[in-house]
Amino acid sequence: MTLENYNYMRELAEKKLRLDRRQEFEGRKITIKDNVINHSDGSAYVELGKTKVIAGVKVLNGTPFPDRQNEGALVVNVEASELASKYGEDRINYSIEVGRVTDRGIRESNLIDLTKLVIEEGKTVSFVYVDVVCLNNEGNLFDAANIAALRAILNTKYKIAGKEEIFTLPLNRENLAISHTFTKINGAIFFDPSAEEENVADARFTIGISEKINSLQKGGNGFFTPEEVDFCAGKAIELREERFKILMDNINS
Amino acid sequence: MRTLQKGSGGYLKMYEERFDKRRFDELRKMEAETGVIPNAKGSARFKIGNTEAIAAVYGPEEVKPRHIEKADRGVIVCKYDMLPFSVPDRAKPGMDRRDIEISQVITNALNRAIVLEDMPRAMINIRVYITQADAGTRCASLTAVSMACADAGLPMRDLVAAVAAGKIGDSICLDLTKEEEDFHEGGATDVPIAFLPSKNEIVLLQLDGKVTREELKKVVEMGKKGAMEIYELEKETLKRRFSNESKS
């Protein structure tokens, strides 16, 4: 990005305007395709504007962790892949951060009841692996990865070796912690940053929200004031409804 | 006595007295000193309860690897590591995914605190080790690092004061211990938060657990209060360090 463009975007932001003519808190269009990967137990392809991600869920047998004998396990991994785009920050660190924040939202909201994933007490439990790969990064990988992971979990159907029936994951659907990412550019706050906006942004703030706030992550080199944090939380609560509808669209209860 | 009452939802509603008898807004006992690593440009040790962090700062120096160099400002490379003997089991030596994430959020906070515009084409190397862990390690690290940076004489906007606030049951608490953090029946929520106190800027904020918007507001307020106390200790420690220097 040239210095001219950089300054132009920051000047626009000061007037609360965006390069792609969106409103301050207008998200980009979300498109979801289910079950795109036939080798996975559940999968989803999500487009958030031009950001494209695929999430795949695999449920496999494993031995429980020594400190949690009667619980299954959840493993979430996000890969900001090299084919997706060039990354300003260190790609691997970025992947880890996105992965851990996505994991935190799903885990802390207790979306999956891990205690129901026990096959044989103390010996065999189910491990739920959620892998998200970014195919094209046009900004806001946090939200795209979160939506793809949630949708893939929602449509997961799996078999357990030695058993006939098909299982679905034990979910508490009211606990869908949906991620909402805000960006702060030159003092102004916007929702759902594009790649260009991420390039010029001072700070980032991701809120994972179900009935309550389940995860927060401040990123970037800038700062937020306590008032701004509260403001973003309020906005996220308002915005959640719309994303929840999109996420649950066509999911049979 | 631990006063624990089961609520209707099956989980603990009230957390009336803390396990270690502290007030809800009380920090654990703190210790801080600078100059613990004479080889480094600046160094500091910060202990809060049973959590201890040691930080060392080297630089500004030549940027290595060259490709991370920035023409208009300095860069910070900060590595956080939990030592193998810092936790009840053994932590594997080297950095895991958690360490990398924490290094990243600490670096983000420092990028705001240190005036990097003053040192183009330079790099500051920071290492922080956790020798003992009892929750709140990323906050203790950040506090230690900010003192070490001041000790090294780097230009800073303000010191960073960091503390973990949180919620157990329905009670908002300050400076959680590991025992409280793992108290899942109570629905423990952990909120590490770091301020540049004199500017009222939040430079690090994370959360995992369950809080409402109103509770979040209270938690942030509580964090601010704790951060101010830590800020005073930091200033005290640094004053001591610089007055000693003038005498010798």
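Author: Of the 253 residues in chain A, 47% are buried; a residue is buried if 20 or more other C-beta atoms, placed from the backbone, lie within 10 Å of its own. This is a predicted model, in which local features need pLDDT of at least 70 and side-chain atom pairs count only at pLDDT 80 or more, while totals for chains, interfaces and linings use all residues. Residues are numbered from 1 along each chain as its sequence is written, and chains are lettered from A and ligands numbered from 1 in the order in which they are written.

Reader: How do you know whether the radius of gyration of chain A agrees with that of a compact globule?

Author: The radius is taken over C-alpha atoms, and the globule rule is 2.2 Å times the number of residues to the power 0.38. For 253 residues the rule gives a value near 18 Å; chain A has 19 Å, and therefore the two agree. The C-alpha trace of chain A spans about 65 × 35 × 35 Å along its principal axes.

Reader: Why is the span of helix 5 of chain A said to agree with expectation?

Author: Helices are DSSP runs of H or I with at least four residues, and strands are runs of E with at least two, numbered from the N terminus. The expected span of a helix is 1.5 Å times one less than its number of residues. Helix 5 (residues 226–248) of chain A has 23 residues and should span 33 Å; its end C-alpha atoms are 33 Å apart, so the values agree.

Reader: What bend does helix 5 of chain A have at A:Arg240?

Author: The bend there is about 35°, that is, the angle between axes fitted to the seven residues ending at that position and the seven starting there. A:Arg240 is also among the buried residues of helix 5 of chain A, which include A:Val229 and A:Leu247. After this helix comes A:Asn250, with a positive phi near 70°.

Reader: What makes helix 2 of chain A mostly covered?

Author: Of its 18 residues, 13 are buried. Helix 2 (residues 91–108) of chain A reaches 26 Å between its first and last C-alpha, close to the 26 Å expected. Just after it, A:Asn110 takes a positive phi of about 55°.

Reader: What makes strand 3 and strand 6 of chain B edge strands?

Author: Two strands pair if DSSP finds at least two bridges between them. The open sheet of chain B has five strands in the order 3-4-5-7-6, with mixed pairing. Strand 3 (30–34) and strand 6 (75–82) each pair on one side only, and are the edge strands. Strand 6 of chain B is joined to strand 7 (residues 122–132) by eight bridges, and the two run parallel.

Key:
Buried ≥ 20, exposed ≤ 12 C-beta atoms within 10 Å, placed from the backbone.
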